[in-house]
Amino acid sequence: MQTLAGRTCCFAGASSGDGVAAVHALCKGGMNVVMISHRGAEAEALAQEINLLGYPGICSVAAEGDENIADMYAGLEKKWGSIDVVICNTGADGVLTPIEDATVEMLMRSIAHLCGGSFEMLQAALPALKKSSAPRVIFMTTVEGVAGGSHESFTNAVAKGAVASLTKNCASRLAPYGITVNAIAKGGVSRPHGKVREDSPKPEDLLPRIPVGRIGTEEDLAQAICYLASEETGYITGQILNVCGGLYMG
């Protein structure tokens with residue numbers, strides 16, 4: 001059983017890529033979802049599509065960058081009554097730059113975007129999360145970010161490793177408030193929505209190494225998100241949930 005109804009989720013990185021199915025699933029379960037997006041037209045189109053389906057949860061959009069992020073979350077709490085779940089699915093394809101050619105600037109840019117963006121989102125929502133009866137935070141990392149490897153972009157993998165560390169450190173510090181902080185490590189998950197760079201790594205390349213014998217779907221990711229967002233997972237925190245078909249079993 002996954003109790004989602006009557007709660008509000010702020011979801012970054014939801015309007016394209018592998019996050020679309022998760023928004024559908026959360027709204028279908030009765031959760032109100034506010035997509036935090038800098039792709040306004042794309043996000044508005046998805047919200048309209050979802051709301052026309054008649055799900056019990058309402059989908060809406062908050063334009064990222066329009067105002068101070070802390071003020072934005074305070075306004076969302078006032079509008080919806082609570083902020084109960086924060087999901088940061090912000091990502092980037094990255095480029096396959098060899099270590100020899102990578103620069104400190106490239107690395108710091110990835111860390112600022114992927115790890116810094118996740119932290120900023122959690123920090124801004126913290127006052128509201130402390131008031132929630134079942135507060136949940138979900139970050140996104142990757143198999144290579146957790147375990148290492150050479151398939152993913154080097155700078156992205158290192159930045160996603162920082163997200164894994166952020167998850168565990170935030171989990172230990174926020175546990176006294178009842179706030180759970182977990183992450184999903186993706187590996188070989190397809191992204192049917194949105195654009196993918198031609199020179200970026202492809203999930204299909206990992207297929208020979210995936211024990212279950214198939215590429216992951218956005219629905220696989222959506223169900224993992226719903227699980228960690230549910231009221232029932234209050235005793236699970238500081239964990240990295242691998243959604244990778246057995247690619248990594250650490």
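This is a predicted model: local features need pLDDT of at least 70, side-chain atom pairs count only at pLDDT 80 or more; totals for chains, interfaces and linings use all residues.
**Stop 1: helix α1**

Select residues 20-28, the span of α1. Is this helix enclosed or open? Of its 9 residues, 8 are buried, so α1 is largely enclosed by the rest of the structure. Colour V20, A21, A22, V23, H24, A25, L26 and C27 to see the buried set. Now show what surrounds them: the buried residues of α1 pack against β1 (8-12), β2, α2, β3, β4 (85-88) and α7 (218-229). Before you leave, click on G30, which follows α1 and has a positive phi, near 100°.

**Stop 2: helix α2**

Next, select residues 40-51. These 12 residues form α2, which reaches 16 Å from its first C-alpha to its last, close to the 16 Å expected at 1.5 Å a residue. Show the side chains of A43, L46, A47 and I50, which are buried. Turn the view until you look down the axis of α2: the buried residues fall within an arc of 100°, so they line one face of the helix. Where are the exposed residues A41 and Q48? They sit on the face of α2 turned away from its buried side.

**Stop 3: I58, in a loop**

Follow the chain on to I58, in the loop between α2 and β3. I58 is partly exposed, with a relative accessible area of 42%. Beyond four places in sequence, I58 touches C27, M31, N32, V33, N51 and W80. C27 is one of the buried residues of α1, so displaying that pair takes you back to the first stop. For a sense of distance, draw a line from the C-alpha of I58 to that of L206: the two are 148 residues apart along the chain and separated by 36 Å.

**Stop 4: the cysteines**

Select the cysteines and show their sulfur atoms. How many disulfides does the structure hold? A search of the whole structure finds 0. Start with C10: its closest cysteine sulfur, in C9, is 6.6 Å away, too far for a bond. C10 is buried, at a relative accessible area of 0%. C88 is likewise in no disulfide, and the nearest cysteine sulfur, that of C115, lies 9.7 Å away. C88 also counts as buried, at 2% relative accessibility.

**Stop 5: helix α6**

Move on to residues 154-174. This is α6, with 21 residues and a reach of 30 Å from first C-alpha to last, close to the 30 Å expected at 1.5 Å a residue. Its buried residues are T155, N156, A157, A159, K160, V163, A164, L166, T167, C170, A171 and L174. Around them, display α4 (104-129), β5 (136-142), α5 (143-147), β6 (180-186) and β7 (240-243), the elements they pack against.

While α4 is on screen, pick M108, which has its place in that helix. M108 is partly exposed, at a relative accessible area of 43%. Its C-alpha is separated by 8.4 Å from that of T155, 47 residues away along the chain.

**Stop 6**

Select T141 in strand β5. T141 is buried, with a relative accessible area of 0%. Which residues does T141 touch, beyond four places in sequence? They are V146, K160, G161, V163, A164, A183, I184, A185, K186 and I240.

From that list, step across to I184, found in strand β6. I184 counts as buried too, at 0% relative accessibility. Leaving aside neighbours within four places in sequence, I184 is in contact with I138, F139, M140, T141, L221, A224, I225, L228, L241 and V243. Take A224 from this set: I184 and A224 are 40 residues apart in sequence, and 7.8 Å apart in space from C-alpha to C-alpha.

**Stop 7: rings**

Finish with the aromatic side chains. How many aromatic pairs does the structure hold? There are 0. For a ring with a charged neighbour, zoom in on Y177: K130 lies over its face, at 4.3 Å from the ring centre.

Definitions and conventions: Residues are numbered from 1 along each chain as its sequence is written. Side-chain values use heavy atoms; hydrogens and water are left out. Rings of Phe, Tyr and Trp (its six-membered ring) pair if their centres lie within 6.5 Å; planes under 30 degrees apart count as stacked, over 60 as edge-to-face and the rest as tilted. A charge sits over a ring if NZ of Lys or CZ of Arg is within 6 Å of the ring centre and within 35 degrees of the ring normal. Helices (H or I, at least four residues) and strands (E, at least two) are DSSP runs, numbered from the N terminus. The expected span of a helix is 1.5 Å times one less than its number of residues. Buried means under 20% relative accessible area, exposed over 50%, partly exposed in between (1.4 Å probe, protein chains only). The arc is that of the directions from the helix axis to the C-beta atoms. Contact means heavy atoms within 4.5 Å. A disulfide is a pair of cysteine sulfur atoms within 2.5 Å.
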